[in-house]
Each structure stands twice: as structure tokens, then as C-alpha cells.
Amino acid sequence: MTETLLGNPLRDARDRRLPRIAGPCSLIMFGVTGDLAKKKLIPAVYDLANRGLLPPGFALVGFARQDFGTESFAKVIKQAAKDGARTPWSETVWKQLAAGIRFVPGEFDDDQAWERLADTMAELDEQQGTGGNHAFYLSIPPGLFPVVVSQIKKHGLAESSKGWRRVVIEKPFGHDLASAEELNRIVADVFASESVFRIDHYLGKETVQNILAFRFANGMFEPIWNNHYVDHVQITMAEDIGIGSRAGYYDGIGAARDVIQNHLLQLMALIAMEEPVSFNASSLRLEKQKILANARPPARMDLHTAQAQYVAGWAGGEKVRGYLEEDGVPDGSRAETYAAIRVDVSTRRWAGVPFYLRTGKRLGRRVTEVAVIFKRAPHQPFSKNDIEELGQNALVMRIQPDEGVTLRFGAKVPGTTMEIRDVNMDFAYGGAFVESSPEAYERLILDVLLGDPPLFPQHEEVELAWKILDPVIAHWKTCDTIDSYPSGTWGPASADEMMARDGRTWRRP
């Protein structure tokens, strides 16, 4: 009998699923009663289990100040999973998950609660066979990170004679360079660098990962991916909603810290990075760090940055309030709900190509995209009238919600005259693939449990991003006023003027 027939077909090297199944472990969730946990994390855990990517020996431990009791907690978790699950509901899958659900009540400074958590972890090792493998997920306000990490150290929960211990930290990672460095120091004192997973959920999106596939798996784009052909790049994350119930968080953060420092600078790094030697964590991080290290904020902050707050207007067909009228926003708040900056990357490939990053609340519609705008053809043999409706070629990678890629180019309009107009060639994820894209948190939670770090920024990337943004924030603090824009529009006049100074305009998504 041949070796092939004797082998286990489930261990076939070509199998794309089995290597991605996590081993026995537990996920210990702090802030488990918060919106992020209920709307994203718990449904993601259920969907992973439903897809067969979590082992029978998996446990979910909730730590919160409310004293639910494990039985009541399981009911809350079940409802959250049902409400947010992407995959069909299965009672069989739920029963398997429920066997590993535990709840530990207590405050973060309550030593007895931490002792109960340690006992629960030991119990799970015995009953669920988690083997000392535990990941701590900090779904809590940034100000509580140091408290929780220090308590983990104090009670010896980061150390084990068997298995692994990991920590997951949600953004924002600090509020400036100094606070990020201090937080990095605190975390590094407890966990090894390979055990720290800084979550940027945008990096878990299929469409963001497709940027790497699009660039490096195809031969047709890389020759023109440079300053000889690219005029500029626009990276946009727009939301049509206001701040909602996040006033307490948002007032101290603002749009730039909330989105540009992490999501948009990471997208810029993926667009601008050189081809890595291999698709492993260290190679990817090295190339991204090179870009962030060579990225510069504008020399003239007054000319190439813009900040603003939304005021009352019409959005989604209804009248909405302005930022300062939202519940919980203090009078005279200077937090920006719109931010735009120009970033220049000082490398041979990108010298002279500006990257324009913008984000905002209450804009025209919800969209995240990266638009690579190409230079015009150096010579046009057509008359001015022939090409008056021809714009610049563009390659647009749509991150959400209409995931896909659009290529805009000029084509002749049918008829007896030579008239050239922009047309779009479109690829849509929904139409090209039968399988729906998993939620970003599914991929990221699974990567944490597997110990697979390519999609997680290291502390060097975080600190380099703050070095880019800190001078911009410092400049804005010196400004006497902040611009405004009506809800439902695409931002303030100052942002349009910022582009006009460079002879460019914002793309309408």
C-alpha cells in the first residue's frame, strides 16, 4: 500500500482549514458587558465555533463588576451571539460553547476577584483541558489598561509552567507618543513582545488583506506603483452617523487620534510598503515600519491640515443635531469630528507623491476606500473638446461597505465623433466569491489563539504613527477656532482649500 493511502487525508498539506483550528485554550474578556464585546467579540467567538475553528476544549471567561453569576452570564452571552452572529444559529454549537463559559465578578482593583479569576483558570485547565493556554482580552477604556496589566502581573497570571499567556489590547494605544511609550513599557514588563497583540480591527478585514494580494500577487500593477505614474493617493474613512453615546470617549480623543493614527496610517503603510521577503510577521512589520519611519507630516500645518466639527444639518433624510448639541458633549468642546492631513513619504519610490488622509463623522455616506490617482497621459493627441469630460485614471480599493476594486479609465463614447469619457471597471467581492467574508474580529481572535501575529502592529509601529500625528495635534491646539461643516456634506471648506493649494480635489466616494 502506498504512503499516500496510509496517510490521514485530514492532514493533507494542501488542506487550507485544519492548520487554522485553534488548540485548547481560554479567552478571558475584560469589559465583557460593553458594546464592543456584545456586538463584535461574542458574535465572532460564536461564528468561529460554528465554522469549526474552535476546539471542544475552548473556554470563555467574563470579568466585570456586575455580579451576573455564570448561569445568567451565559444567557446574556447567548443573546448577544444570537443578535450579532453572521452564521446560522445552532443550538448544538452553543451547548458546546456553553460548557466552557465562566463568569468572575469584581472590580479591577479587587484582589479577591483576581484570586477568583486565578482559581477559575486553574479549574478550566482541569475541566476543559485548556492546558494553561489563556489569552486576556482588554475590551476596556484605555485608561484602565495599566491597572489591569499590573494586576495580571501582581497575581502571576502572565506566567505559567505550561501553555502560553497572551494579552490583546484594543486601540487607541495611548493618546500621544509619551503615553504610548509608557504603556508599552508597562506591558513589556509583564508580557513578551510576541505575546502582545494590539488590535486594529481594520487589519483583519478581508479587503485590507487584499491590498497585499492585489499588489504582490499580480505583475501588472507593480511597474506603475511609483512616483513616475502615481500623482497622489487619497485614503478616506467616512461615517454618516454622529458620535451617538460615545461623547465621553470622543471628547478627549477626536477624529485624528481615533482613526488616522491607527487605521489610516496602517492603510497608507500597506499601500506604500516595498514587497516583503516573505509573508510572515517579521517581514511584513519590517516593511511597514520603514514606511512609517520615513513618513512626514506637512511642513506647513496651516496649509495642509484641516479640522472641523459637524453642525446641524440633514443626514439620511432627517434633521440631525450638531456635535455640540449631542448628549454629553461639554460646552465649547474642541474635539474634531473631521480631520484631514497630508503625509509625504520620503523614499525613492514615493518622493513627491502626497498621501491625503481624511476621516469624519456625519459625512455624505459611510465608506472606507483607498484611491490611487494616476498622472495624466504626458501627451494627448486629442482636441480639448474631445477630452473635456476625461479625468485622471484611478484605482480604488473599497474597504467597506461595497467591498471590491474599481479601475477608472477613459473610453470613447459611441458615436461619430471622438469623445472620451471616464468609465469604471469593477470587481465586487460579493459577486466573485461564493463564500461571504468573515468579520474582521473572527480573523483577529483566531490569530490571537493561534499565536499568529502578521496583522497586529508592534509597539514600534504604534510609536512611529504617533510621531507623525503628534505635531499635527500640537498645531491644532494653538488654533483659536475650529472649522465646521453641515451634517450630510463631505467636510469643511478648509479641507477643500487644502487640496486646492496643491491643484487637486477630493474624490467623491
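Glu 239 counts as buried because its relative accessibility is 18%, where buried denotes under 20% relative accessible area, exposed over 50% and partly exposed the range in between (1.4 Å probe, protein chains only). The structure is a predicted model, in which local features need pLDDT of at least 70 and side-chain atom pairs count only at pLDDT 80 or more, while totals for chains, interfaces and linings use all residues. Residues are numbered from 1 along each chain as its sequence is written, and side-chain values use heavy atoms, with hydrogens and water left out.

Glu 239 is located in the loop between strand S7 (230-238) and helix H9 (247-250); helices (H or I, at least four residues) and strands (E, at least two) are DSSP runs numbered from the N terminus. With residues up to four places away in sequence excluded, Glu 239 touches Gly 360, Lys 361, Arg 362, Leu 363, Arg 365 and Arg 366, contact being defined by heavy atoms within 4.5 Å. An unreviewed UniProt entry assigns the annotation "binding site" to Glu 239 together with His 201, Lys 205, Asp 258 and Lys 361. UniProt positions are given in the numbering used here, feature names are shortened, and annotations may be inferred rather than shown by experiment.

Arg 362, one of the residues touched by Glu 239, is placed in the loop between strand S13 (354-360) and strand S14 (367-374). Arg 362 counts as buried because its relative accessibility is 15%. Its phi is near 55°, a positive value in a residue other than glycine. A further backbone feature is the cis peptide bond from Gln 400 to Pro 401, with omega near -5°; Pro 401 belongs to the loop between strand S15 (394-400) and strand S16 (404-412). Most residues other than glycine have a negative phi, and most peptide bonds are trans.

Beyond residues up to four places away in sequence, Asp 258 touches Lys 171, Arg 246, Tyr 249, Tyr 250, Ile 253 and His 263. Lys 171 is situated in the loop between strand S5 (165-170) and helix H7 (177-188), and on the same exclusion of sequence neighbours up to four places away touches Ile 199, Tyr 249, Asp 258, Asn 262 and His 263.

The feature "binding site" is also placed by UniProt, in an unreviewed entry, at Arg 65, Glu 107, Phe 108 and Lys 171. Of these residues, Lys 171 is included in the lining of the largest cavity. Phe 108 occupies the loop between strand S3 (101-105) and helix H5 (111-127), and counts as buried because its relative accessibility is 14%. Apart from neighbours within four places in sequence, the contacts of Phe 108 are Phe 30, Phe 63, Trp 114, Ile 140, Leu 144, Val 147, Val 148 and Gln 151.

On a 1 Å grid over the protein atoms alone, a cavity is a set of points where a 1.4 Å probe fits but cannot get out, and lining residues have an atom within 4 Å of a point. Grid points are joined across faces, edges and corners, and a volume is the space filled by probe spheres set on the points.

The largest cavity has a volume of about 150 Å³. It is lined by 16 residues, of which Asp 200, Gln 261, Asn 262, Pro 457 and Val 462 are the closest to its centre. At least two lining residues are supplied by each of S5, strand S6 (196-199), helix H10 (254-272) and helix H15 (459-478), and H10 provides the largest share, four residues. The lining comprises eight nonpolar, three polar and five charged residues; Ala, Val, Leu, Ile, Met, Phe, Trp, Tyr, Cys and Pro count as nonpolar, Asp, Glu, Lys and Arg as charged, and the others, Gly among them, as polar.

The second largest cavity has a volume of about 80 Å³, and its lining divides into seven nonpolar residues, one polar and one charged. Helix H8 (206-216) and helix H11 (281-293) each contribute at least two residues to this lining, with H8 giving the most, three residues. The buried residues of H11 pack against H8, H10, strand S8 (295-296), strand S12 (338-345) and H15.

Conventions. 1 Å grid on protein atoms, 1.4 Å probe; cavity = no way out; pocket = protein on both sides within 12 Å on 5 of 7 lines; lining within 4 Å.
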